[in-house]
Each structure stands twice: as C-alpha cells, then as structure tokens.
Amino acid sequence: MKEQMIDKAIQVLDSNFQDGGFTIPSKGLYPFQWKWDSGFIALGFAHYDISKAKKEVETILDAQWENGFIPHIVFHNDSDTYFPGPNFHESNLHPLASKKYRSTGMTQPPVFGFILERLYEIAKDKEDMMNFIKKQIDKVYENHVYFYENRDLNNDGLVYIYHNWESGTDNSPLWDDIWETMNPPEYTFERRDTSHVDASQRPSKREYDHYLYIIEIAKEHNYHDAKIAELSPFLVLDPLFNSVLIRSNESLIRLYESIGNNEEKVDYLKQHQLKSVQSLNSKLFHKDLGAYVHFDLRNNRQIPYICSSSFAPLYSSAPTRLIAESLAKTMLEKFGDAGRYLCASFDPTHEKFNPKKYWRGPVWINMNWILYHGLKRHGFYDLASRIKSDSLELIEKNGFFEYFDSRQSNPDADSNGYGGNNFSWTAALLIDFLKEEV
Ligand code: 2M8
C-alpha cells in the first residue's frame, strides 16, 4: 500500500512539473509557481529526483527582487485559466522588481530556511547538497533581512502581512472583521477558479472585491512598503507567518554555522530571532483561548479566533513548555473530537466554521505537516501520530486533493476531498510523511 501511494504521488508531481523548471500546484486551477507550494513540493521531489528538487528551489529564488523580496506567484507563462494574472498585478511598478520574471507584488510564508535544511537531511549525497545550499542560502537570508528591515513596524521582531493572500489561509473567517471595515467597489472581472472547482468550496465574489481592492491600493503606490504600511486596510501580524520565519531563522543559523565564515549573518539572525520569539509569546499568545492569535495592526485589535495557524508556532522554538501544553490541549479539545480528522483549518466549535469551504474549515496537508513536526518537537507524540495517520487516511481514501472535510462521516458528499485534484503539495508531503525515517 505504502509503495503504491508513493508511486501515485510521484505521478502527480511529475505531471505537474513544467519545462521551465517549476511545478504548478494543480492543473487549470493554479497554472504558475507559488512560493510556499514550491518549498513543500521540493521536499517530495528530494526523495526520488534530487535534481528536480534543486531546480524547483533555484527557480523560485531566481525570481527574487533586488530588495530581497520573493513574490508569492511567479508567472512563468501566459496561462489564461487563472485570475488575477500578471497584467492585474503589474509587479514591474516596483523599481526593484525582477526584470526577468513577472510576478505578484505580495509574498507568502518564508519556508525556504527550513526547506533547505530538510533537503540536506533527505539528500543522499550530502556534499552535493551542501554545495547547492551554499549557492542558494544568501538569497533566503536576504529575504529574511527584507522582512525585518521593511515589515517590522514596531521594531519588535514581528513582521506584518498586508494581504490575506500573503497568509496562505486566504478566506479564513479571521479576515471577516477586517472586510467589515472596508467598502471596496464592485469590480467587474471574470473568475476562473469557479470554472475548475465548485463555487461552494471557494471564496465569494464579494470577498474577491476586497482582495483586489487591497492590491489596487498597493499598486497606486508602486508596491512601496512604507506606503503599504501606512495605507493598506489589511495589516496583520500572523502567528503562522511569523513562526515560519522563526523556524527558518533557526535553520539558517544552523546551516551558516556548519558552512562557517558567516558570523555577521548569524549574529543578525540571532538578534532578530530573540526579539521575534519574545514578541510572538508576549503579543500573540492568548492565554484564555490557549492559542496564538492574529493581531490586526490597522484597527489595533486582536483577532480572537482559533485556527490551524494558531498552533503553527509549535514547529518553532518559540513556545515555552506551558504554552506548548496549552496548545496541545486546545487542539485536542476543540479540533480533535472522536468523529473528526485532525486538523481543521478553523475552530470546528465556532459558528463561522464551514467544513467544505476552502480555508474556513477543511483540513490542509501542508498545515498538517507543520503541525505534525511541531507536536513531535515538543513531545506530543500521540497527537503527532494522529495527525500523520489522519493525513495519510484522508489521501488514501479520497485522492490527492487540495483540502479535505474533517468530518469522518460526511453527510454532504461521497468524498471528503475538495478543491483541486492531483494537488502537488498533497503528493509531495505524502511522500515526505511515508519516507520519514530519512
Ligand atoms: C491558494 O491561494 C491562491 C492565491 O494565492 C488562490 O486561491 O488563488 C492558497 O491555498 C495558497 O495558500 C496556495 O499557496 C495557493 C496555491 O496552492 O492556493
């Protein structure tokens, strides 16, 4: 069974790999290269085709801007199956944008620090992989410097995101209260996603109006960071984004230390790391909820909802023993009842929970991978192995879907699999889960 699943996953990845040296998340629905998808995808390749793994990382990092920024989508081709595409985003408005690639002017969680380290763990030829890492690591470091120098508004080590698409958890109920503070125009545009996926599983038209409006504001100011920080109606501290940054700092520090002769960079990372960890715990951990929460900087208020991002800091060194225990307890009590697969993307006990709709409830395999490693790191082995076996069961029973219904007996559909099928990070992370002894 294990070998069969791996073979199927390899087929998915190989058929999503493109001539340009990058992998699309899913045919039709997502026809370009996405930043954090790319990192997870590289892990899958690394177990059976190391050159594709390296190519994937090399290609996305090649799209880095001169200021260290790495965009969330790189438009390698002219597909018209996705909206909004390159002509809407107009990354060339920014004076330091890549001249080689068209892209968006927003980013996604900075996964590449820990991706490089995991690639080293997986690679059989360590010397070859270390040579590759030596060539790429400064780009990842410059990306972290970009965040700390441009997005750390309060100089406390926490970096903001200015768009829900930067969070990766696009239409989470987390953002609903922010949408209430805005009144964007009703744009006329042709959605493409709903011609690939049932509309009940995707964001609404009105939600898209908000998404586009934030981009329009950023574009009016040529994607200038300081202007965005001043004017964007969406300005949020996200525990997922920040803990991924912290976790990637850890990896960069370890890798630079083993490469040697990089003291300045290591010092810079260590100093910022200290502040990031302290602030994450003091500003984003919500004691009463027993979870990390988001903070809305624009409206100066906490966003007091629990979602899978609330537990992501477990993947980093940030949580103290007490915090880690409290996170595991909250996850088990709210997300882990007997009839449910772990881990729903939004609090299943909350009225805003929707088991079928995109990031408003379904289980996502990339989040499960982060939570699995986080729980294990902090010694919660039972919960960790439940997340792993739930992930494998969901994929085995339903296929390589983008997201899954967390209800074990699902009254609404024959399958628990939703969104895009033959989805790359689902396939890649299944391989990494099954080959874990490496
Ligand atoms: C989803 O986001 C894109 C926009 O970036 C979309 O809905 O069009 C999210 O799940 C995001 O986290 C993911 O990286 C992307 C591609 O898989 O799809």
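This is a predicted model: local features need pLDDT of at least 70, side-chain atom pairs count only at pLDDT 80 or more; totals for chains, interfaces and linings use all residues.

Biologist: How far is an oxygen atom of the ligand from an N or O atom in the side chain of H72?

Modeller: That distance is 2.8 Å for H72. For the side chain of Y30, an N or O atom is 3.4 Å from an oxygen atom of the ligand. The cut-off for a polar contact is 3.5 Å. As for cover, the ligand taken alone exposes 410 Å², and the protein buries 100% of that area.

Biologist: How many residues surround the ligand, and which are the closest?

Modeller: There are 17 residues around the ligand. The closest are D37, Y82, G168, D170 and Y358.

Biologist: How many aromatic pairs does the structure hold?

Modeller: The structure holds 42 aromatic pairs. To classify a pair, one reads the angle between the ring planes, and over 60 degrees counts as edge-to-face. The planes of Y30 and F423 stand at 75°, with the ring centres 6.1 Å apart, so this pair is edge-to-face.

Biologist: Which parts of the chain does the pair of Y30 and F423 link?

Modeller: The pair links distant parts of the chain, as the two residues are 393 residues apart. Y30 lies in the loop between β2 (22-23) and β3 (33-34), while F423 lies in the loop between β13 (417-418) and α16 (424-434). Both Y30 and F423 are buried.

A further edge-to-face pair is formed by F285 and Y292, at 5.3 Å centre to centre and with 65° between the planes.

Biologist: Are F285 and Y292 buried or exposed?

Modeller: The test for a buried residue is a relative accessible area under 20%. F285 has 15%, so it is buried. Y292 is at 0% and therefore counts as buried.

Biologist: Where does a charged end sit over a ring?

Modeller: One case is R191, whose charged end sits over the ring of Y208, 3.9 Å from the ring centre. Another is K219, with its charged end over the ring of F88 and 4.2 Å from the centre.

Biologist: In which helix is H144 placed, and which residues does H144 touch?

Modeller: H144 belongs to helix α6 (residues 126-150). Its relative accessible area is 1%, so H144 is buried. Not counting residues up to four places away in sequence, H144 touches P110, L245, S248, N249, L252 and L269.

How values were computed
Residues are numbered from 1 along each chain as its sequence is written. Side-chain values use heavy atoms; hydrogens and water are left out. Rings of Phe, Tyr and Trp (its six-membered ring) pair if their centres lie within 6.5 Å; planes under 30 degrees apart count as stacked, over 60 as edge-to-face and the rest as tilted. Helices (H or I, at least four residues) and strands (E, at least two) are DSSP runs, numbered from the N terminus. Buried means under 20% relative accessible area, exposed over 50%, partly exposed in between (1.4 Å probe, protein chains only). A charge sits over a ring if NZ of Lys or CZ of Arg is within 6 Å of the ring centre and within 35 degrees of the ring normal. A residue is near a molecule or strand if one of its heavy atoms lies within 4 Å of it. A polar contact is a pair of N or O atoms within 3.5 Å; within protein, one must be able to donate a hydrogen and the other to accept it, and residues adjacent in sequence count only if both atoms are side-chain atoms. Accessible areas come from the Shrake-Rupley method with a 1.4 Å probe; for residues, only the protein chains shown count as cover. Contact means heavy atoms within 4.5 Å.
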